[in-house]
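Hi,

Here is the structure I promised to pass on.

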Amino acid sequence: MYINYQTFKKGLMLSLLAGSTAFISCKKDKNEPENPPVAEKEFLIDAKGTDKSFALYVSNLESGEVSISSNFEELPETGYFWSFGQNTAVGLAYKGQNPGIGVSYKRNADKVEKITDFQVPSRFTTYGFFDKYFIVNVGGQTLAGQQINGKDRNDGATFIFHNVSDYTIAKSTTIGTLEITKDLGKNNKEIASFSGILDRGNGEFLSAMIYSERNQSRPGSGSSTAAITKLDSIWVAAFDKDLNLKRIYKSDKLGYSSGRFRSQYISQLGKADNGDVYVFSGHFEKGSTKPAGALLIKKDATDFDKDYFFNIDNVSGGHPFRSVFHITGAKFLIEFYNDKNIETNSPAAKYAIVDAAAKTLTWVTGLPEPANITSTVGVIAMGYKGKCYLPVAEKNNDAAIYVIDPTTAQAKKGLVVKGAQGIRGIGKI
């Protein structure tokens with residue numbers, strides 16, 4: 001076989017040059033990491049299977065799949081009510097008339113670690129983060145050694161302050177609610193319960209008040225809600241870290257501010273990015289003459305803003321709602337009941353984006369039909385970097401996280417949790 005030597009020599013040189021160039025281009029810069037960057041895990045998910053729940057720790061919520069038992073750990077209980085704040089996650093398991101059970105997690109470097117399992121000495125009806133504490137509250141407590149008209153007082157409300165660092169009890173204080181406003185002290189018929197713990201960021205927290213008749217006294221555990229007495233007024237208390245009552249915000253424009261699930265009170269207080277607080281009222285009570293709506297407490301204000309009133313009934317078609325989740329700015333995701341005739345355990349799977357500052361409402365599109373959503377009370381949505389992330393359990397499908405654009409109110413399916421029948425909570429640690 002004849003070979004042209006000059007052609008061969010030229011081809012060899014070109015091959016060596018190409019190989020040298022490739023070698024040089026692939027050589028690592030000394031400042032580059034040895035391994036390519038891996039997406040940082042930031043989000044904790046509580047996913048429920050057939051009879052067990054698992055804590056998952058994931059980096060992406062926008063797409064893809066993850067197995068329900070793929071990472072982290074099996075949870076001690078099922079049906080937790082979750083709160084996320086101060087770089088920790090807290091789940092509370094409701095145990096009826098018995099003490100509640102809690103579990104807490106924190107982020108340590110690139111992983112999540114359990115802080116502790118803990119017991120809530122009483123039942124819990126509302127909860128939330130404030131200052132360096134996680135507060136759990138229950139009403140209807142007996143006040144030891146105190147009587148009115150020869151009967152033991154059971155108008156006490158107990159606030160238990162847990163240290164966020166280890167969830168030990170820092171202090172537990174019971175206040176008598178008969179004295180909390182002057183007009184209530186004139187009789188022995190009404191007691192106040194509380195809904196929501198909202199940190200104002202100025203050394204105070206807010207909690208909405210629900211007035212009801214007395215119920216059966218249950219020492220230690222607290223009593224469930226009796227008949228509501230103040231249906232057409234809204235009350236919000238401001239406390240400091242020592243549980244000193246600083247003031248009460250009161251208006252007759254709306255009914256009380258709280259979602260309801262049996263004896264649980266679901267917070268309808270929301271703080272915008274600028275520090276303004278919107279106090280929502282979902283119009284749960286059939287006997288109330290007031291609409292579903294919202295009032296405004298401007299940052300550091302000592303009264304409701306007299307110029308602000310948002311009639312949500314007018315823009316929703318008269319639908320009552322249960323839960324409110326802050327997303328970004330003054331935009332909130334509101335969880336509406338499927339029907340207008342409701343009870344405490346009625347399904348609520350209709351969602352809308354509300355701009356509280358602009359007083360607008362846009363129904364979310366792109367979600368499964370409400371009748372096909374099996375998510376239950378306790379499911380919480382998360383606002384993160386301008387988007388809303390909503391756990392959705394759908395009939396005959398694995399549960400998934402839906403991503404909602406609050407500008408368009410359009411939702412798309414994101415991360416799917418294979419084998420999950422439901423997702424209770426999602427949050428960033």
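To start with a question: which side chain does K250 meet in a salt bridge? The partner is D252, with the pair at 2.9 Å, N to O. By salt bridge I mean a side-chain nitrogen of Lys or Arg within 4 Å of a carboxyl oxygen of Asp or Glu. Both ends are partly exposed: K250 has a relative accessible area of 38%, and D252 comes out at 44%. For those labels, buried is under 20% relative accessible area, exposed is over 50%, and partly exposed is in between, using a 1.4 Å probe and protein chains only.

Before you go further, a word on the source: this is a predicted model, where local features need pLDDT of at least 70 and side-chain atom pairs count only at pLDDT 80 or more, while totals for chains, interfaces and linings use all residues. Residues are numbered from 1 along each chain as its sequence is written, and side-chain values use heavy atoms, with hydrogens and water left out.

Back to the charges. The structure holds 17 salt bridges. One of them joins K387 and E62 at 3.4 Å, N to O. This pair ties together distant parts of the chain, 325 residues apart: K387 is in strand β30 (residues 387–392), and E62 is in the loop between β2 and β3 (65–67). Strands here are DSSP runs (E, at least two residues), numbered from the N terminus. K387 is partly exposed at 33%, and E62 is partly exposed at 24%.

Another one is D242 with K171, at 3.7 Å, N to O. Again the partners come from distant parts of the chain, 71 residues apart, with D242 in the loop between β17 (234–240) and β18 (245–251) and K171 in strand β14 (residues 169–176). D242 counts as partly exposed at 46% relative accessibility, and so does K171 at 22%.

Now the sheet. Four strands form an open sheet in the order β4-β2-β1-β33, with antiparallel pairing. Its edges are β4 (73–74) and β33 (422–428), each of which pairs on one side only. Two strands count as paired if DSSP finds at least two bridges between them. Strand β1 (residues 43–48) and strand β2 (residues 53–58) pair in the antiparallel sense over six bridges. Within that pairing, K48 stands opposite S53 in β2.

Cheers
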